[in-house]
Amino acid sequence: MTLSMWLGLVAICMMGAMSPGPSLAVVLKHSLNGSMKNGMLAALSHGIGVGLYAGASLLGLGALMLQFPTVYQLLVYLGAAYLAYLGIKILLSKPNNDELKIQNSEVSSIKALQDGFAIAFLNPKLAIFFLALFSQFIDPENLTLSIAMVMCLTVFVIDTGWYLLVAALTEFSKNRFGFTKHNPWLDKVLGFVFVALAIRVVVSI
């Protein structure tokens, strides 16, 4: 892979990572309601999920999903259900006091890792996206392990890096504008966003 081709891959991956959607909502959720640490954990696990899909696409998972649309649709519906679950859980949750927040900090970190990975893993559109993307940059007959590793690592670093930046900027905004205390109204907004995203996923199938 030449440098110009790699830069083209980087540009497309950056645009894909920066596009608003469920992934951004999940990282914001854990950054706003938890901490920068939780937001970054969600970003890291999301990047791992995206990187795995990139590798799987190089192994032919994207083409396999196109041949078996039922499996693809099942994963899409599971992703939509997970988004709806997150939204409804937020809408029905009661405000926690500071003591409970401290007690649940470890659980929140695990939940951040879980949500970040799940929102990527339950999005089979990533496999189709990478299948279409990588086909523009590689020749399957000449694909080597080193090229595959470079491409997957590029995807992982860009996706993770972007959402780590989102988590850091969210923490800065919380401190800068005084959003350091629990905001029930903000929770409700996030809850409605997740439910709306779930509906959009189902409608777009």
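This is a predicted model: local features need pLDDT of at least 70, side-chain atom pairs count only at pLDDT 80 or more; totals for chains, interfaces and linings use all residues.
Reader: What makes up the fold, going by helices and strands?

Author: The protein chain has 10 helices and 0 strands. Read along the sequence, the pattern is α-α-α-α-α-α-α-α-α-α. Of the 205 residues in the protein chain, 40% are buried. Look at contacts between residues at least 6 apart in sequence, and 90% of them join residues at least 24 apart.

Reader: Which residues make the contact between α3 and α8?

Author: On α3, V50, Y53, A54, S57 and L58 take part, and on α8 the partners are L126, A127, F130, L131 and F134. By class, the residues of this α3 and α8 contact come out as 9 nonpolar, 1 polar and no charged.

Reader: And what makes α1 and α8 roughly antiparallel?

Author: The axes of helix α1 (residues 3-18) and α8 cross at roughly 155°. The cut-off for roughly antiparallel is over 145 degrees, and therefore α1 and α8 get that label. These axes come within 12 Å, and the crossing of α1 and α8 is right-handed. As for who touches whom, L9, I12 and C13 in α1 meet F129, L133 and F134 in α8. That contact of α1 with α8 divides into 6 nonpolar, no polar and no charged residues.

Reader: How do you know that α2 is roughly antiparallel to α3?

Author: Again by the angle: the axes of α2 and α3 cross at roughly 150° and come within 7 Å. With the limit set at over 145 degrees, that makes α2 roughly antiparallel to α3. α2 passes α3 in a right-handed crossing too. In the contact, S23, V27, H30 and S31 of α2 meet N38, G39, A42, A43 and H46 of α3. The residues here divide into 3 nonpolar, 6 polar and no charged.

Reader: H46 turns up there. Why does H46 count as buried?

Author: H46, which is found in helix α3, has 4% relative accessibility. Buried means under 20%, so H46 counts as buried. Leaving aside neighbours within four places in sequence, H46 is in contact with S23, G116, F117, I119, A120, D159 and Y163.

Reader: And what makes S173 partly exposed?

Author: The relative accessible area of S173 is 28%. Buried would need under 20% and exposed over 50%, so S173, falling in between, is partly exposed. S173 lies in helix α9 (residues 145-177). The C-alpha atoms of S173 and L32 are separated by 9.6 Å, though these residues are 141 apart along the chain.

Reader: Let's do charges. Why is the pairing of D115 and K29 called a salt bridge?

Author: In general, side chains of opposite charge can pair when their charged atoms come close. The test here is a side-chain nitrogen of Lys or Arg within 4 Å of a carboxyl oxygen of Asp or Glu. For D115 and K29, the N to O distance is 3.8 Å, so the pair passes. D115 lies in helix α7 (residues 105-121) and K29 in helix α2 (residues 22-33), so this bridge ties together parts 86 residues apart in sequence. D115 is buried, and so is K29.

Note on methods
Residues are numbered from 1 along each chain as its sequence is written. Side-chain values use heavy atoms; hydrogens and water are left out. Contact means heavy atoms within 4.5 Å. Helices (H or I, at least four residues) and strands (E, at least two) are DSSP runs, numbered from the N terminus. Ala, Val, Leu, Ile, Met, Phe, Trp, Tyr, Cys and Pro count as nonpolar, Asp, Glu, Lys and Arg as charged, and the others, Gly among them, as polar. Buried means under 20% relative accessible area, exposed over 50%, partly exposed in between (1.4 Å probe, protein chains only). Axes are lines fitted to C-alpha atoms, for helices over the stretch in contact, and angles run from 0 to 180 degrees between N-to-C directions. Angles under 35 degrees count as roughly parallel, over 145 as roughly antiparallel, 65 to 115 as roughly perpendicular and the rest as oblique. A crossing is left-handed if the near helix is turned anticlockwise from the far one by less than a right angle, and right-handed if clockwise.
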